[in-house]
Amino acid sequence: SEYCFMRQIFLFTAGLPIARAHLGDSILNAVPFDKMRQHLGNEQVDYFQDLHPGEDGFYAWGAVPGKNNIPTWQKMQIGDLVLTVYDSTYHFVSTVTGKVHSQGLAKDIWGVDDEGKTWEYMYLLSKPQKVSLSIKAPEVAGRLRSLYQGFCRIGDPSVEGILAEFGSFDNFVEKIFKRALPKPVIEQELEQVQAEANTKDEFDPKSLSDGRSKVLREVVRRQG
């Protein structure tokens, strides 16, 4: 890997009936890209669609506007780990593939809550993988929280402890949740730039460097 940032862990709960119903809208089933295209520019939709070749839709979740939700969403980065909890159990594991702030798209997918708000601070996800592990299981005791509410970010000390113990999120998820994480978007795009450079007759370090910088700038820009 040739990028350097500490990946984070975020978590959302789906304890309320309205949230549980929304799992079927965008976690258990993909949302068609055509629905995204009705609300976002073609360039942005094409970008997200290119990140999911061969797929007709995307997976996502979102947060309603709020004093805690917005700062939490702003901290979220592509490649971060996202866990889903309800009934005191971890049910899904996925990673962030993008972020979108769109009231229109959120309403189209999930409607509104009883206050007329929608989950407009959206984050796109890799296909959520089903897991089943109690939040009080010994495998996660002392590593993650034993109580969650809403949309939250796991603190840096806990994340640093996990990385120190397991070496990477990939190892953590594989050993604790028995699942394999997909490669982060940035890594995929850098590999693509590298592959394109390798197909050229002449190796041009400047072109490769410019390509990587462009990819990183674009990914950072699209994180919002």
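Modeller: This is a predicted model. Let us begin with helix α1, residues 17-26, whose buried residues are A19, H22, L23 and S26.

Biologist: What do the buried residues of α1 pack against?
Modeller: Their partners are the strands β1, β2 (31-32), β3 (57-63) and β4, together with the helix α5 (103-110).

Biologist: Moving on to α3, which of its residues are buried?
Modeller: In α3, which covers residues 42-50, the buried residues are V45, Y47 and F48. Viewed down the helix axis, they fall within an arc of 155°, so they line one face of α3.

Biologist: What does the face of α3 turned away from the buried side carry?
Modeller: That face carries E43 and D50, which are exposed.

Biologist: Let us step back. How many helices and strands are there in the protein?
Modeller: The protein has nine helices and eight strands. Of its 224 residues, 47% are buried.

Biologist: And what share of the contacts is between residues 24 or more positions apart?
Modeller: Among contacts with a separation of 6 or more, such pairs account for 72%.

Biologist: Now the largest nonpolar core: which of its residues touch the most other members?
Modeller: Y90 and L144 do, in a core of 25 residues. At least two residues each come from β1 (9-13), β4 (81-86), β5 (89-101), β7 (129-134), α6 (156-166) and α7 (169-176). The largest share, four residues, is supplied by α7.

Biologist: What do nonpolar side chains tend to do in general?
Modeller: In soluble globular proteins, nonpolar side chains tend to be buried together.

Biologist: What about T95, buried or exposed?
Modeller: T95 belongs to strand β5 and is buried, with a relative accessible area of 4%. Residues up to four places away in sequence aside, T95 touches R7, G79, D80, L81, L124, L125, S126, L181 and P182.

Biologist: New topic: what is the volume of the largest pocket?
Modeller: The largest pocket has a volume of about 580 Å³. It is lined by 21 residues, and the closest to its centre are L16, V64, N69, W119 and G150.

Biologist: Which elements give two or more residues to that lining?
Modeller: They are β1, α1 and β3. The most comes from β3, with three residues. By class, the lining has nine nonpolar, seven polar and five charged residues.

Biologist: Then P65: where is it, and what does it contact?
Modeller: P65 is in the loop between β3 and α4 (69-75), and its 28% relative accessibility makes it partly exposed. Neighbours within four places in sequence aside, P65 is in contact with I70, K117, T118, E120 and Y121. From C-alpha to C-alpha, P65 and T118 are 7.9 Å apart in space, while in sequence they are 53 residues apart.

Biologist: One last topic, the backbone. What is the phi of S88?
Modeller: S88 has a positive phi of about 55°, although it is not a glycine. S88 lies in the loop between β4 and β5 and, at 45% relative accessibility, is partly exposed.

Biologist: And the phi of K178?
Modeller: K178, also a residue other than glycine, has a positive phi near 60°. K178 is found in the loop between α7 and α8 (185-198), and it is exposed, with a relative accessible area of 59%.

Notes:
Residues are numbered from 1 along each chain as its sequence is written. This is a predicted model: local features need pLDDT of at least 70, side-chain atom pairs count only at pLDDT 80 or more; totals for chains, interfaces and linings use all residues. Side-chain values use heavy atoms; hydrogens and water are left out. A nonpolar core is a set of buried Ala, Val, Leu, Ile, Met, Phe, Trp, Tyr and Cys residues joined through side-chain atoms within 4.5 Å. Buried means under 20% relative accessible area, exposed over 50%, partly exposed in between (1.4 Å probe, protein chains only). Contact means heavy atoms within 4.5 Å. On a 1 Å grid over the protein atoms alone, a cavity is a set of points where a 1.4 Å probe fits but cannot get out, and a pocket is an open set with protein on both sides within 12 Å along at least five of seven lines; lining residues have an atom within 4 Å of a point. Grid points are joined across faces, edges and corners, and a volume is the space filled by probe spheres set on the points. Ala, Val, Leu, Ile, Met, Phe, Trp, Tyr, Cys and Pro count as nonpolar, Asp, Glu, Lys and Arg as charged, and the others, Gly among them, as polar. The arc is that of the directions from the helix axis to the C-beta atoms.
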